[in-house]
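Me: I am new to this structure and would like to understand the words used for it. Could you take me through a few of them?

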Amino acid sequence: MNTYRNILLAVDFSDYGHFVAQKAKSLATQFNARLNLIHVLDNIPMPDTPYGTVIPLYENTSDDLLEIEKNKLIRIIERLDIDREHCWLIWGEPQQEITQLAVREQIDLIVVGSHGRHGLAVLMGSTAKGVLYHAECDVLAVHLRDDLKPFAV
Ligand code: AMP
């Protein structure tokens, strides 16, 4: 394969996620590819919604924690100007949900940060490693150095 058509950016709202997002956006522009976005809710209890684990982004829920996470994702969607239909907020285990969505949506490149909320202490973060190991498509881990300036979500 010499081009990418369908790129999936995985965001965890960590301080350096901005650099990962910019890299994915610029790759999508270069390849004229569709950009998809996923955030996996793994730090709040399973939201009490009638929809199951895939949370609709543009409907109000009565769950305060969920609304906070939704709004963070919506800010990124607007900043990157991504089509809403290709954005996903899913409750579950990040590595599993990212790789399963990639298969379902016929993604050909997953973009993650080399590190996220799990920090720079290890050589490569646990989600990044898990995605690399389980994905059925190419994976780009954007190298995040500890001297980068954090960027608020
Ligand atoms: P980690 O391995 O958890 O330090 O995170 C590495 C990268 O995996 C992050 O920079 C994100 O790109 C991705 N990632 C981690 N957690 C999540 C999550 N909950 N939802 C979506 N992507 C995630």
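Me: Why is Lys-129 called partly exposed?

Reply: Its relative accessible area is 49%. Buried means under 20%, exposed means over 50%, and partly exposed lies in between (1.4 Å probe, protein chains only), so Lys-129 counts as partly exposed. Bear in mind that this is a predicted model, where local features need pLDDT of at least 70, side-chain atom pairs count only at pLDDT 80 or more, and totals for chains, interfaces and linings use all residues. Residues are numbered from 1 along each chain as its sequence is written, and side-chain values use heavy atoms, leaving out hydrogens and water.

Me: Which helix holds Lys-129?

Reply: Lys-129 belongs to helix H4, residues 126-134. Helices (H or I, at least four residues) and strands (E, at least two) are DSSP runs, numbered from the N terminus.

Me: What makes E2 and E3 a pair?

Reply: Two strands pair if DSSP finds at least two bridges between them. E2 and E3 have 5 bridges, in the parallel sense, so they qualify as a pair. Val-40 stands opposite Ile-90 in E3.

Me: What is the order of the strands in the open sheet?

Reply: The order of its 5 strands is E3-E2-E1-E4-E5, with parallel pairing.

Me: Why do E3 and E5 stand at the edges?

Reply: Each has a single partner strand, so one side of each is left without a neighbour in the sheet. Strand E5 covers 138-142.
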